[in-house]
Amino acid sequence: MSLIAAFYSNKSILITGATGFLGKVLMEKLLRTSPDLRVIYILVRPKAGQSLQQRTLQILNSKLFEKVKEACPDVHEKIVPISADLNQNDFGLSKEDLQELLSCTNIVFHCAATVRFDDSLRHAVQLNVTATQQLMHMAAQMPKLEAFIHISTAFSNCNLEHIDEVIYPCPVEPKKIIASMEWLDDTIIEEITPKLIGDRPNTYTYTKALGEIVIQQEARNLNVAIIRPSIVGATWQEPFPGWVDNINGPSGLIIAAGKGFLRSIRANPKAVADVIPVDTVVNLTLAAGWYTAVHRPKTTLIYHCTSGNLNPCQWVKMGFQVLSTFEKVPFEKAFRRPYADFTTSTFTVQYWNAVSHWAPAIMYDFYLRLTGRKPRMTKLMNRLLRTISMLEYFINRSWEWSTNNTEMLMSELSPEDQKVFNFDVRQLNWLEYTENYVLGVKKYLLKEDMDGIPEARQHLKRLRNIHYLFNTAVFLIIWRLLIARSQIARNIWLFIVSFCYKFLSYFRASSSPKA
């Protein structure tokens, strides 16, 4: 019998960010392993043309929840969507909804956040800091609350090479940052952003660090824990391998490479790809929720959910595994054949950007104009390269995260719980995981049918032939221009022709029968 699964039975659970990637997998695991839980409250932002119930049904009707419906037939009754907007004070909750949340909630999983690297500081502070503060204020008013679990990121302190399981201070107090966002205009905020984030790469990592400080300051007598996952990827095992539904992190890179858009990337060959499967994060999160509620640690424990220290895999190695998988399961309607050049040279990257990215995009847009269609490839390529530039910080560095609390938690689990809520990343086979990841991107993100693989292979063969013909034509044109303009080139050409003629003559003479 799983102690963790039994713990969540008959519990009222609040999940923020339940419509996101991590939130969906968390909700699925809870419903599948603890079908006797009382209710899951999910905060859902109102959307024009769609009711809260329709959005909830859309989530539950996805492939992800197929196994849940077998274990928990009344799954629709277990989920209560509540209209909320984290951009508003008190989340825009009605008095009735707020009262129900305050009086009934036993466990809070705070997963909501903006994960955009290029988000404005104002918006990032609102979602990652102010909303966290407001939720902590709500939690302090919940008499039945047993545990509050905050999902942060392992990169909240990425300006450090070695990161311990502690909350690091920031030069400016979060409360001052929150207050300043209320009266500063956007122009001034944009000007001071680089000074505030300092040696962090973006507003996301900076505001997640501020959010952790808010958790520490507002925790008081609450049972609180913080989960720091690294780069969250597709599912490893549960509910089935390879499920993914967003293009963040590796998923976007896999699509760009598989469709032939991404041909070159600056990557340190020794840099570790600290990718962690989403179901591993969920299992650790649920285990931490159980431990925090049952054992009530005296301090806020931080759990690093990372792979680099225990089971490292370099970006370059993963990249070649992805390219190898494309040969087995190619994507449909690729722009070019999948290929990627990994380099550490900025000059080489700029060269390949010009030759392999912008040049084909410009040529294709020229073709679209000639055929009376709207050009789009150059714009798409610019967006891709801008995204890659934001990711380069993370694919050219490695970090060391201490995992003492994570290992302690694992040792506290029963043998049954270690199976049901497995978060031991040392058991992960990277080759198998990468293949399932690519397959999952094809099936669940791109919605491509596996029956279309033969046609996709034929399409790649046609692209290969076009590539060879184009290169041959370019070579002949350049060589013809050289012959026309250079005496040296003409002499070389005559020498090659003469040599080939003599070789063929000798071969013909030596192979003819002797009298």
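**The sheet and its helix**

Modeller: The protein has an accessible surface of about 25600 Å², and carbon and sulfur atoms hold 56% of it. Areas come from the Shrake-Rupley method with a 1.4 Å probe; for residues, only the protein chains shown count as cover. This is a predicted model: local features need pLDDT of at least 70, side-chain atom pairs count only at pLDDT 80 or more, and totals for chains, interfaces and linings use all residues. Residues are numbered from 1 along each chain as its sequence is written, and side-chain values use heavy atoms, with hydrogens and water left out.

The C-alpha atoms fill a box of roughly 105 × 55 × 50 Å along the principal axes. Of the 515 residues, 52% are buried (under 20% relative accessible area; exposed is over 50%, partly exposed in between; 1.4 Å probe, protein chains only). The protein has 20 helices and 13 strands. These are DSSP runs, numbered from the N terminus: helices are H or I with at least four residues, strands E with at least two.

Now the sheet. It is open and has 7 strands, in the order S3-S2-S1-S4-S5-S7-S11, with parallel pairing. Strands pair if DSSP finds at least two bridges between them. S3 and S11 (301-305) are the edge strands, each pairing on one side only. Neighbouring strands are turned by 20° against each other on average, direction ignored. Axes are lines fitted to C-alpha atoms, for helices over the stretch in contact; angles run from 0 to 180 degrees between N-to-C directions.

Ile-149 has Ala-225 of S7 as its bridge partner.

Helix H6 packs on this sheet and touches S1, S2 and S3. Its direction makes about 140° with that of S2. H6 spans residues 95-104, and Leu-101, Leu-102 and Cys-104 are buried there. The buried residues of H6 pack against S1 (12-16), S2 (39-44), S3 (79-83) and helix H7 (121-139). A contact means heavy atoms within 4.5 Å.

Last, the cysteines. The whole structure has 0 disulfides (pairs of cysteine sulfur atoms within 2.5 Å). Cys-313 is in no disulfide either; its nearest cysteine sulfur, that of Cys-305, is 16 Å away. Cys-111 counts as buried at 13% relative accessibility. Cys-313 is buried at 1%.
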